[in-house]
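Subject: Structure for you to look at

Dear colleague,

Here is the structure I said I would pass on. My notes on it follow below.

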Amino acid sequence: MESIFQELIDRALKARGSAYTPYSKFPVGAALLTEDEKIYTGCNIENTSLGLSICAERVAIFKAVSDGFRSFKAIAVICDNIAPCAPCGACRQVMMEFSPDMEVIMVNLQDNIKIKKAKELLPDVFKR
Ligand code: THU
């Protein structure tokens, strides 16, 4: 595995520490690598009005987009799950909006790792 991917995993794990998850008690961390190799991190942030909660991946992507970055090489996602942490459908759609070829590095706390491209995670994506 590329060493930059390991750095993304380390940064995602650190970002997970900032997760605000009083309702689910399920913290998730993400770290996004832009085309020019800048790293943006994110964590899930929940709300008492549960539908307002946002996933770690979208926080990282929206932080980067709001800074002017729209092209991404990879994103690492980590959570405490049996399987490597797979992004939800909404986050997959957002990944596809910007970078269908980006590598999605799915990890759990046991360091099980699965890597797939965003476009493999959301085939037949909605487009117009
Ligand atoms: N969550 C993420 O942050 N990313 C995912 O890919 C899946 C789910 C969050 C949403 C919610 O705050 C918590 O995990 C439990 O579903």
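Glycine 29 stands opposite cysteine 43 in strand 2. Please bear in mind that this is a predicted model.

That pair belongs to the antiparallel pairing of strand 1 (residues 28-34) with strand 2, which runs over 5 bridges. The hairpin formed by strand 1 and strand 2 has 4 residues between the strands, and glutamate 37 there takes a positive phi near 65 degrees.

Strand 2 (residues 39-43) is largely enclosed by the rest of the structure, because 5 of its 5 residues are buried. Ile39, Thr41 and Cys43 point one way from the strand, while Tyr40 and Gly42 point the other way. Both sets are buried, the cut-off being under 20% relative accessible area.

In helix 3 (residues 89-98), the buried residues are Cys91, Arg92, Val94, Met95 and Met96. These pack against helix 2 (56-66), strand 3 (72-79), strand 4 (103-108) and helix 4 (118-121).

Now the ligand. The residues surrounding it are Ser24, Phe26, Val28, Asn44, Glu46, Cys55, Ala56, Glu57, Ala86, Pro87 and Cys88.

- glutamate 57, with a polar side-chain atom 2.5 Å from an oxygen atom of the ligand;
- asparagine 44, with a polar side-chain atom at 3.0 Å from a ligand oxygen atom;
- alanine 56, where a backbone N or O atom lies 3.0 Å from an oxygen atom of the ligand.

On its own the ligand has 370 Å² of accessible area, and the protein covers 77% of that.

Regards

Notes:
Residues numbered from 1 in each chain as written. Predicted model: local features only at pLDDT ≥ 70, side-chain atom pairs only at ≥ 80, totals over all residues. Heavy atoms only, no water. Buried < 20%, exposed > 50% of the residue type's maximum accessible area, 1.4 Å probe, protein only. Helix = DSSP H or I, 4+ residues; strand = E, 2+ residues; numbered from the N terminus. Pairing = 2+ DSSP bridges. Contact = heavy atoms within 4.5 Å. Near = heavy atom within 4 Å. Polar contact = N/O pair within 3.5 Å; in protein donor to acceptor, adjacent residues only side chain to side chain. Areas by Shrake-Rupley, 256 points an atom, 1.4 Å probe, with all protein chains shown as cover.
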